[in-house]
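This report describes how two protein chains meet in a predicted model. The sequence and structure are shown first.

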Amino acid sequence: MRVSSILISGMRGLSNEICKNLVLAGIGTITIIDHNVVTEEDLGAQFFVTEGDIGKNKATVSADRIRQLNPRVVVIADHSDIHTKPDDFFKVFDLVCLTDCDPDIMIRINEICRNFDKKFYAACTYGFYGYIFCDLKQHEYIVERKIAIPHKDEHEITKLKKHDEYVSFQHVLSKTDWTEISDRKLKKISPLLWAIQILWKFQQEVGRLPVTNDNLDVEKLLSLRNTYLQTIHINNLLVTDELLIALASFSLTELTPICAILGGVLAQDILNVLSKKGVPINNLFVFDGFQGNGYIYHVEQGKHIV
Amino acid sequence: MPRFSHYEAALGSQLFEKIRNCRVLMVGAGGIGCELLKNLVMSGFNKIELVDLDTIDLSNLNRQFLFQKQHIKKSKAQVARESALKFNPNASIVAHHANIKDPQFNIEWFKSFDIVMNALDNLDARRHVNTMCLVANIPLVESGSEGYLGQVTIIKKGETECYECQPKPTRKTYPVCTIRSTPSSPIHCIVWAKSYLFNQLFGIPEDEDEELDKELNDENANEIANLKAETLALKRIREAMGSQEYPKITFQKIFNDDINRLLTMEDMWKTRKPPATNPDASLTFDKDDIDAIDFITATSNLRARIFGIEEKTRFQVKAMAGNIIPAIATTNAIVAGMIVMQAFKVLNGDFKECKTVYCSPDRRPKSILSESLNKPNVECSVCQSAHVTLNVNVKKVTLRDFLKEVVQGHDEDENDICEVSVEEGGRIIYDVEYDDNLDATFEKLNITDGKMVKVTPENEDEENCPTVFAITHRQSPNTWFQIDGDIAPRFHTNANSNAHKRKLDDSEVDPQEESSRKRPAVIENEVIVQDDDLIMTEDGPQRLIVID
């Protein structure tokens, strides 16, 4: 963990939280990449930037503040656009974490990471909602189990070695056999799981996030929902208009408490993965801040989901 | 304001307005506290007060991100405030480097807040804040974390369970004979070193005899007697502390003589492995440098060796002796996020939407889950009492006055024995068989501003529930009482109970009245009134009882 090199892309509320958590724990090197400049709206959820930084590059100013949290961590700021980076750029990192990214760049960088055997995470918050996607390709780790020893006031700790295989982001997007999953399990799935995928489809087709004031955008969103759910034979009623429009209207909204929760879950997973201890997310964590529920789904062709 | 545009959009302008105007009390500025303060300031909370008695230590720096190396030894509350102000210099944050149990943080002070959030790490402070919030009738967001587990819940008098509705799991205790005579696990040796030996030699020895008596039965009577004699002998040796022979005598006694004495109890070792007095010990007893943990590690491992038990490292011993579960920074970050989410719901008046939220890796695939809040436990001795504030002149009012005028009421025969018991701070002030204190003033009885007096009727039923009176001292030339809040119908039968009761139902409270209610009541020094008059205070109409 202490010699690991991590790339975090996108410096918004969620990545502020991830960086804080990783740097406090003591990662080797953290590289932050964002080509945008600080605006006044950013002050709401990004605690590494202040009013005096407005107009300056986000990565550069945040790096200064992040360094102060732990002088032992090397913090590198890159102010270019991640879309312009060549494949080789990603070779030097052990783990890549994309935040607030569009699905196409997620597909591309995920493939690159798979080719170079790097760990890959992608996450985003949409107002009260959010997700974490994880692709570790192949991961070996230790799980500790506490077993009570009879007749003694003690527990024995046994260590089990585990090996998990992961699927790519593209594989998740292409899952069509949802009806393989039992009805009982399907009913318990959070509709956000599909709503988020519909949002991704919108981004892929239109090239940007929906604007819910725009009737055409809303129409497109709902029609995408209808097509998608029909293709995978899932009942239309499971993803309501209200939920989808709410998700879309929050797609650029960031709230500190939600960033804190998702950033905490993600950072802990990264720390576990780097130290090869504990069960990582495999492979999609979906968070509903309204209900106060966070589920880990295993999205893969086949009948498993949890 | 552009910086809050996201919050206004997500929460709506009405709720966001409430957030901007509400007064928040945050108790604790440690692991959860730092994260929580950041969340509050970023989310637009504008009037924040925080209390923490601690100073910053090197070990805090890898978790409590508002603190850096240059802040070591400074006040957590004050440094947290300074660091958090950098996120929004316009926020108003008041920091108190103090103990939340200090008398300055009385009921009036608690009442001035709209919401209280705990970021504590101990039972005692949580109990205290729980009681204060019940009496002041303010919603409390309670939270905790232990390793990878985290939890947030809401406590609101009358609506939800309070902190004491469910008994808290007590620390595992071990039978005294196991600790003193027949240990079989490392934890037995550590508890022996920490709770028995360390206390007997260096601390205020707990009444060891009392502990031994608890386990007295026919079979072990002999052994209990022997153990008592051993404790006494150790006490005598302690008197020799400071002399040259002291360490040698002590060492000889606990690791040789006592063991040999145990070996003579042949029955004890029929089914157990007996101790050996000359183990292959390479440990040396250092008389000059005895750090508490070093001592416990050394002595417990030595004893473990004697009894053939596995020994533990200093780190492990410290963990076991201190009941320490390592704090995980990310859990605290998650919990602090969950606290603010619940706070939004509380401020919105949405108690039905509030939940207990857990973060628990063991409950996968649901790693964050929420459950409905529980209704209060009808048998809870803390929240099922009526809670009122009693404004009174503690220097003038006697116990007799209180019982006669407040508890019994004018109409009752003065010679009737008041069938209640009165307690304060765990001691009995009065009951049907103990009336020595009747003519003492509250002050003489050490019932002063901020104390809680609990009156429990002998016949408890629905009409006769206990009442906790939170004492607020008022200067007054006369002795008089003023009661704020609902009290059990039995008490003060003199007053017309309908006029007296004032329901604190949030949904009925007009916002303007609510904000004026938040200012503490101002009482004049001289009040000329008749008994039973209704006077208008800033808290609304109040009945007066005047006694000259």
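## Polar contacts and salt bridges

Between chain B and chain A, 14 residue pairs are in polar contact, both residues of a pair being at pLDDT 80 or more. The model is predicted. Two salt bridges are found across the interface of chain B and chain A. B:Glu35 forms a salt bridge with A:Lys20, where the closest N and O atoms lie 2.8 Å apart.

## Elements on the chain B side

On the side of chain B that touches chain A, two or more residues each come from helix H1 (5–11), helix H3 (31–42), helix H8 (186–202), helix H14 (329–347) and strand E8 (366–372) of chain B. H14(B) supplies the largest share of that side, nine residues. By residue class, the side of chain B that touches chain A comprises 25 nonpolar, 13 polar and 11 charged residues.

## Extent of the interface

The contact involves 49 residues of chain B and 49 residues of chain A. About 3,900 Å² is buried between chain B and chain A, and carbon and sulfur atoms give 59% of this area. Within chain B, the residues that lose the most area to chain A are B:His6, B:Arg364 and B:Ile368, which together account for 16% of what that side buries.

## Strand pairing between the chains

Strand E10 (residues 293–297) of chain A is joined to E8(B) by two bridges, and the two strands run antiparallel. In this pairing, A:Tyr295 stands opposite B:Lys366 in E8(B).

Note on methods: Residues numbered from 1 in each chain as written. Chains lettered and ligands numbered in written order. Predicted model: local features only at pLDDT ≥ 70, side-chain atom pairs only at ≥ 80, totals over all residues. Heavy atoms only, no water. Contact = heavy atoms within 4.5 Å. Buried area = accessible area lost by both parts, 1.4 Å probe. Salt bridge = Lys/Arg side-chain N within 4 Å of Asp/Glu carboxyl O. Polar contact = N/O pair within 3.5 Å; in protein donor to acceptor, adjacent residues only side chain to side chain. Helix = DSSP H or I, 4+ residues; strand = E, 2+ residues; numbered from the N terminus. Nonpolar A, V, L, I, M, F, W, Y, C, P; charged D, E, K, R; others polar. Pairing = 2+ DSSP bridges.
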